[in-house]
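Student: I would like to go through the ring contacts in this model. Can we start with charges over rings?

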Amino acid sequence: MSKIKKIKRDMLQQKNIIYLTQKYNTPLWLYNAQIIKNQIKKLKQFDVIRFAQKSCSNINILKFIKSCGVTVDAVSLGEIQRAILAGFTAKNNDLVYTSDILERNTLKKIIQYNIPVNIGSLDMVKILGKASPGHHVWLRINPKFGDGHHIKTNTGGENSKHGIWDIEQAISEIKRYHLLLIGIHMHIGSGINESNIEKMCNTMIHSTLKIKQNIQFISAGGGLNIPYHKKEREVNIKKYFNIWNTTRNIIASKLSCPIKLEIEPGRFLVAQSGVLIAQVCSVKKVGNNHFIILDAGFNDLMRPMLYGSYHKISVIYKDSRPMFLEKTMEYIISGPLCESGDVFTIKKNGSLLKRKLPIIFPEDYIVIHDTGAYGASMSSNYNSRPLIPEILYKNNNFYEIRKRQSMKELLKLEILN
């Protein structure tokens, strides 16, 4: 049994699940701090680990990650404010803003806190240069190819809106508007294929040599895989680092300056730490299909509906009856929303995927695993359903890090005439 599986098994003991569901009700998110810490340690060879907080933006998670020596990336004004509340500052490049646009209020906050900007479009150069000459900037280069576990997570090539296409023009504009270039960033997608790493590194070398000036950083981006399915494996970190370290050394030699190597993980740090716990509300036979209807829907966990993503699913009984694994049934796990697509077991092409599970009854619990990334952070209020609580398991204790949203809080922003 892997270390992560053992840590998760200890957290998900039946007595713990019963305790949590009685105290906070269902559905709820549950994270394990030790798993996050273990994942961070795997990347310690890199000079800088920069967390892509869009994957899991709870302030308490950000505080914990900061305590482990990790820096942070923000892609919106809201994420900047979250990072600041969690204790991050722009000092020592601790916080970087990455985007393809600069909105007015975001620009004000960036200038106020002197936050370095990772520029994704030429229009940003002009806006930032006029407002804050001498500002520290990165260039996010579009490498003219992309990759990812799904077409929607591909962030490179001509079909992606992200990044700078014309490097020479960007450098010319940066000089024109008196900005200070400190780093080059490249990201081709989420869930990248290892076969594309060397191609990406060669593109980074080619791109940085075009700038013909000293820089302080290069970023390997994110997109590191985690094994959602038992047939999948985690990316080979040692191999990944060695390829990028060689790339960094070549660039440092060519530019005659020391360069720090960054990595920008999101899912790699937090995905395996999180689970979604929901209760079975109905076991429903429809023709030849058996549907399990939970009290959690795609408003809580969007990834399966959005990408056809696979998540391991396990069952925890509401009582002490024995679980006979030899007595199983094929189920389709679904949510309560008024949408046919509100299904957690679905293929990438949208067709239903049956899962073989122990016999399930109403009021039992379903655990959907590896939801720590792009779970809570992508949740919505669709069907007027309040956001659900987040719980952090740390040092053998459970801490509520986000309360369940009430209907009163949900409706408060709407003006009734």
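This is a predicted model: local features need pLDDT of at least 70, side-chain atom pairs count only at pLDDT 80 or more; totals for chains, interfaces and linings use all residues.

Student: What makes lysine 66 count as sitting over the ring of phenylalanine 88?

Tutor: The charged end of lysine 66 is 5.8 Å from the ring centre. The distance cut-off is within 6 Å, with a further limit of within 35 degrees of the ring normal. Arginine 321 is placed over the ring of tyrosine 317 in this way too, 3.7 Å from the centre.

Student: How many aromatic pairs does a search of the whole structure find?

Tutor: Six aromatic pairs. One of them joins phenylalanine 46 and phenylalanine 241.

Student: Why is the pair of phenylalanine 46 and phenylalanine 241 called edge-to-face?

Tutor: The planes are 85 degrees apart. Over 60 counts as edge-to-face, so the name applies. The centres lie 5.1 Å apart, and the limit for a pair is within 6.5 Å.

Student: What makes this pair a link between distant parts of the chain?

Tutor: Phenylalanine 46 is in the loop between helix H3 and strand E2, while phenylalanine 241 is in helix H10. They are 195 residues apart.

Student: How do you know whether phenylalanine 46 is buried or exposed?

Tutor: Its relative accessible area is 4%. Buried means under 20%, so phenylalanine 46 is buried. Phenylalanine 241, at 7%, is buried as well.

Student: Why is the pair of tyrosine 393 and phenylalanine 398 called tilted?

Tutor: The planes are 35 degrees apart. Stacked needs under 30 and edge-to-face needs over 60, so this pair is tilted. Tyrosine 393 and phenylalanine 398 are both buried. With Tyr19, they form one aromatic cluster.

Technical notes:
Residues are numbered from 1 along each chain as its sequence is written. Side-chain values use heavy atoms; hydrogens and water are left out. Helices (H or I, at least four residues) and strands (E, at least two) are DSSP runs, numbered from the N terminus. Buried means under 20% relative accessible area, exposed over 50%, partly exposed in between (1.4 Å probe, protein chains only).
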